[in-house]
Amino acid sequence: MVTITQFVYIKEGKEEIFQQFESLVLPLIPQYNGKLLLRLRTSQEQLIEGELDAPYEVHLVSFESEADLAAYMADQTREQYLYLKEDSVLKVMTVKQP
């Protein structure tokens, strides 16, 4: 089992483009023995304390194996829409637990 936590930061005004990307790629996860365990939207107002800004979204995703995760990342449909991610995402912080 591989679990990925992502803190997603969006470029200002690009939320709709990011949502379009997510609507196209998140449904692919189960095809690769993956599960979207949590998708949480945050705001700066919800931040209690810390040195980082609040991310736009937090994702918690699991895959049965590293090979399943690699196959999802290489999915042709996902790769076809990466331009939407590149246009809308400022940065992503990823924490991976094997």
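Start at the second largest pocket, whose lining has seven nonpolar, two polar and five charged residues (Ala, Val, Leu, Ile, Met, Phe, Trp, Tyr, Cys and Pro count as nonpolar; Asp, Glu, Lys and Arg as charged; the others, Gly among them, as polar). The model is predicted: local features need pLDDT of at least 70 and side-chain atom pairs pLDDT 80 or more, while totals for chains, interfaces and linings use all residues. Residues are numbered from 1 along each chain as its sequence is written, and side-chain values use heavy atoms, without hydrogens and water.

**Second largest pocket**

Select Tyr9, Ile10, Ala54, Pro55 and Tyr56, the closest to the pocket centre among 14 lining residues. A pocket here is an open set of points on a 1 Å grid over the protein atoms alone, where a 1.4 Å probe fits, with protein on both sides within 12 Å along at least five of seven lines; lining residues have an atom within 4 Å of a point. The space in this pocket is about 200 Å³, taken as the space filled by probe spheres set on the points, which are joined across faces, edges and corners. Strands β1 and β4 each supply at least two lining residues (strands are DSSP runs of E, at least two residues, and helices runs of H or I, at least four, numbered from the N terminus).

**Largest pocket**

Next select Gln6, Tyr72, Met73, Arg78 and Lys85, which lie nearest the centre of the largest pocket, lined by 19 residues. Elements giving two or more residues to this lining are β1 (2–10), α1 (15–25), β3 (57–63), α2 (66–73) and β4 (89–97). α1 gives the most, with four residues. The volume of the largest pocket is about 320 Å³, and its lining divides into 14 nonpolar, two polar and three charged residues.

**Nonpolar cores**

Now select Val25, Ile29, Phe63, Leu69 and Tyr72, which touch the most other members of the largest nonpolar core, a set of 13 residues. Such a core consists of buried Ala, Val, Leu, Ile, Met, Phe, Trp, Tyr and Cys residues joined through side-chain atoms within 4.5 Å; buried means under 20% relative accessible area, with a 1.4 Å probe and protein chains only. A second, separate core of five residues includes Val8, Ile10, Tyr56 and Val89.

**Histidine 59**

Finish on histidine 59 in strand β3. Is histidine 59 buried or exposed? Histidine 59 is buried, with a relative accessible area of 3%. Its side chain makes polar contacts with the side chains of glutamate 22 at 3.2 Å and glutamate 57 at 2.6 Å (N or O atoms within 3.5 Å, one able to donate a hydrogen and the other to accept it; residues adjacent in sequence count only if both atoms are side-chain atoms).

Key. Buried < 20%, exposed > 50% of the residue type's maximum accessible area, 1.4 Å probe, protein only.
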